[in-house]
Amino acid sequence: MWTDLFKTRMDKDISKRAYYMKFIFNSHFLIFLTIALGAFFYSLFGLRETLVGNIYVDMLVAVLIAFSITPTYRSLLKEADSIFLTPVEEELSGYFKQAERYSLILSYTFPVVMMFLTFMLVLINHSSEEMAVFFIGVLVAVYMTFKIKLASIHTLVNTQNLMYCLVVLNAVLFFLSLIKIYFVILIPVVLFIILNILNKKRILRVNWTGLIEYEAHEINRFNTIISMFTNVKSSEKKFKRRQYLDFLMKKHNIKNFNEKYMYDYMFHRSFLRDHDLPMIILRLILLFGIFIIWMSNIYITIIFSLFVLYIIILQLTQIYSAQAYLLWPKIWPVSRKNIQVSYIRYSHKLVFILSLIFALLFIALHKELFYIAIIFPIFGYILNTVFSKNVYKKENALSD
């Protein structure tokens, strides 16, 4: 009975993941990934002889794989379960076993992808046999880290801080294993000791409050990742004040705070205080900026920069829906046309600043071809104009 309950919830969760994956891994993104992987492996082939014997290569592999081990536990519990399921807690062993199996599959996905991406780096300083032993050690580390995370939820230990510590510990263990392959035996031994200590600190058979709060955290984390590529349905929009960005919230000139210009300020405020959007944009710029600098290829720089601008502009439509559909326009009626014009005006300014960052990065890497950098603000302006019109088309369709 209870395994059927989990299966029903799991099928719904899988359907949700499949629904968003078809938007993320569309034909354009797959073409982009193919180009990116090809360029990455091509550059590694060129650097292979240069990097032989370099200890920093092993250090990079250890850090990358350690960061990829972020196990997730999806209990799929809901808030009401703390009332309706607690009386039958002893009968739920089948439910939690199913949850553990499902969570393990999800937890292995990213580390396996990272092992595929780093196998060339491992082979630079190691034989194929050593690589196989090392990757078996990584798979063991994923399982043990998952068990440690699950055990910590039922203790007074802060799970988030524990995971940060395990990232550092796993990086050290992986690095030692790459230096001397027989150190790989330390991975299960050390992690088993930690797991055993946590099991002794267990305070509850089932920590319902912790599991439900953690499930809500995992749903929010999934939605945050998906929102980097597409809008998430039924995602609760959150805002927070970042005091370090207050200097960008200049007092709006009172003469411009009228129906024509008031939404310029409202959109600016929504962007700076959005819970996820500024940090998503910052992560994208840093991640792709590092990759562009690593490749130092003019074509890769152009393609990747334009692709990041495409993703960022796609995300900016969130600030339109965050303000345009609130109760505020109804209390102080503002022409929908004025709201749309304000969004275009503000988004063009924001896109210009972001495209300027990629233009300056391009100029820094390819000084002799600095004039090509003009493509970034032009591309950003055209694409933002097209996306803005799409927002209004959806709005008109909903208002019919």
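Trainee: Why does Leu 360 count as exposed?
Mentor: Leu 360, whose place is in helix H14 (residues 336–365), has a relative accessibility of 54%, and exposed means over 50%, so Leu 360 counts as exposed.

Trainee: Is Ser 103 buried or exposed, and why?
Mentor: The relative accessibility of Ser 103, which lies in helix H5 (residues 93–125), is 0%; because buried means under 20%, Ser 103 counts as buried.

Trainee: What makes the pairing of the Ser 103 side chain with the backbone nitrogen of Arg 74 a polar contact?
Mentor: A polar atom of that side chain lies 2.8 Å from the backbone nitrogen of Arg 74, and the cut-off is within 3.5 Å. The backbone oxygen of Ala 99 lies 2.7 Å from a polar atom of the Ser 103 side chain. Leaving aside neighbours within four places in sequence, Ser 103 is in contact with Thr 72, Tyr 73, Arg 74 and Phe 146.

Trainee: Where in the chain is confidence lowest, and where is it highest?
Mentor: Confidence is lowest in helix H13 (residues 328–331), at a mean pLDDT of 59, and highest in helix H8 (residues 186–200), at 92, while the mean for the chain is 79 and 77% of its residues reach 70 or more. Where pLDDT is low, the predicted coordinates should not be read in detail.

Conventions
Residues numbered from 1 in each chain as written. Predicted model: local features only at pLDDT ≥ 70, side-chain atom pairs only at ≥ 80, totals over all residues. Heavy atoms only, no water. Helix = DSSP H or I, 4+ residues; strand = E, 2+ residues; numbered from the N terminus. Buried < 20%, exposed > 50% of the residue type's maximum accessible area, 1.4 Å probe, protein only. Polar contact = N/O pair within 3.5 Å; in protein donor to acceptor, adjacent residues only side chain to side chain. Contact = heavy atoms within 4.5 Å. pLDDT = per-residue confidence, 0-100.
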